[in-house]
Amino acid sequence: MNRLSGLLALSLSVWLLSATTAFALTPEEQARFKHLTEELRCLVCQNQTIADSDAPLAKDLRDEIEKMIVAGNDNRQIIDFMVERYGDFVLYRPPLNPTTWLLWFGPGVLLVGGLWILLRQLKRQSAQQGGALSEQEQTRLKTLLQDTSDANE
Amino acid sequence: MKAKNFIPLIAFIALVALLGVGLTLNPREVPSPLINKPAPAFALPELYEPERELGSQDFLGQVSLFNVWASWCVSCRHEHPLLVELARRTDLPIYGLNYKDTRPEAKRWLQTFGNPYAAIAFDEAGRVGIDYGVYGVPETYVIDRKGNIRYKQIGPITVEDLNETILPLIKELQNEPA
């Protein structure tokens, strides 16, 4: 009886241990894993990170990153590894370089430009409406008003 | 007719031009950072002869194609007849990278659709695929005599691709001094 329960306990702990070796990362390594996989794009489902994507390639890349973390590579080395093979597009957050200036600053520039044009238009419109009449126009206005009041009597 | 009245029209035309160019671009095509760089080193067992190795060393000395394919890849069937024909008509070596496949299924597929390959590297885990930046099978690399990647075709090769891009490039590379 003792041997049987001993055997049971042993196989249970072996089973538990094999289940946990898949998650052999320390909490710090897990945080790095989470950070890295959320900063890299899945090339198959291109609007997802490799953390979120179910594509087989995403899984392969997650495994690769896990292996590289355990092997002692730092974050910079892992990112460089990916960019070397897949290019800048693999970075989920586009890098800031001359090619991407339009992407990063374009919307801001358009917004500011649009607002400026709008303000200019508004100022011009209000200037037209609140403008004083010239002397000629004032005399003409008086005459017209006189005529109207004469007509009403 | 003041010049500045034309600004909205000019801005509109500029926007239309920008969007028009955008429509012709394909966002799924990710440009490869490996162009004009040496083909990443690898050595894998051959598909038919596991004791034999096929590696990046075999690219040296001649212009070749390196075609990534798999039996589970449906679009590979679209380009395969072209590769078979190319292998039949020319002596351009076509090396294959069998990506994340099994030996029996890969062999069966080649038996059905034909085998244009001089040799096939069996990349079961897909690790060499990662080194080559493979993200969507089929992909094909044009590799020059010195072992540098000069062009990457993403997706199946069409007749237009062959006639307009790939064959002219191969000719150019074959005329490069050794």
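1. I begin with a charged pair inside chain B: the side chains of B:Lys152 and B:Glu139 meet in a salt bridge, with 3.0 Å from N to O. B:Lys152 belongs to strand 7 (residues 149–154) of chain B and B:Glu139 to strand 6 of chain B, so the pair ties together parts that are 13 residues apart in sequence. Please keep in mind throughout that this is a predicted model.

2. B:Glu85 pairs with B:Arg88, the closest N and O atoms being 3.0 Å apart; B:Glu85 is partly exposed at a relative accessible area of 25%, whereas B:Arg88 counts as exposed at 63%. These two residues are three residues apart in helix 2 of chain B, and about one helical turn separates them. An α-helix has 3.6 residues a turn, so residues three or four places apart point the same way. In the other bridge, B:Arg52 meets B:Glu49 with the closest N and O atoms 3.7 Å apart, and here B:Arg52 is partly exposed, with a relative accessible area of 33%, as is B:Glu49 at 37%.

3. Helix 2 of chain B deserves a paragraph of its own. At 1.5 Å a residue, its 14 residues (76–89) should span 20 Å, and the C-alpha atoms at its ends are 20 Å apart, which agrees. The buried residues of this helix are B:Cys76, B:Glu79, B:His80, B:Leu83 and B:Leu86. Viewed down the helix axis, the buried residues of helix 2 of chain B fall within an arc of 130°, so they line one face of the helix.

4. What do the buried residues of helix 2 of chain B pack against? Their partners in chain B are strand 3 (64–69), strand 4 (94–99), helix 3 (103–113), strand 6 (139–143) and helix 5 (159–174). On the other side of helix 2 of chain B, the exposed residues are B:His78, B:Pro81, B:Arg88 and B:Arg89.

5. Turning to the contact between the chains, 17 residues from chain B and 16 residues from chain A take part. Chain B and chain A bury about 1,300 Å² between them, and 51% of this lies on carbon and sulfur atoms.

6. Which polar links are found across this interface? There are three salt bridges between chain B and chain A, and five residue pairs are in polar contact, with both residues at pLDDT 80 or more. On the side of chain B that touches chain A, helix 4 (residues 127–131) of chain B gives the most, with four residues.

7. One salt bridge links B:Asp131 to A:Arg85, with the closest N and O atoms 2.8 Å apart. Salt bridges that share partners join A:Glu64, A:Glu84, A:Arg85, B:Arg127 and B:Asp131 into one network. Over all chains the count comes to 15 salt bridges by the rule applied here.

Note on methods:
Residues are numbered from 1 along each chain as its sequence is written. Chains are lettered from A and ligands numbered from 1 in the order in which they are written. This is a predicted model: local features need pLDDT of at least 70, side-chain atom pairs count only at pLDDT 80 or more; totals for chains, interfaces and linings use all residues. Side-chain values use heavy atoms; hydrogens and water are left out. The expected span of a helix is 1.5 Å times one less than its number of residues. Buried means under 20% relative accessible area, exposed over 50%, partly exposed in between (1.4 Å probe, protein chains only). The arc is that of the directions from the helix axis to the C-beta atoms. Contact means heavy atoms within 4.5 Å. Buried area is the accessible area (1.4 Å probe) that two parts lose on being put together, summed over both. A salt bridge is a side-chain nitrogen of Lys or Arg within 4 Å of a carboxyl oxygen of Asp or Glu. A polar contact is a pair of N or O atoms within 3.5 Å; within protein, one must be able to donate a hydrogen and the other to accept it, and residues adjacent in sequence count only if both atoms are side-chain atoms.
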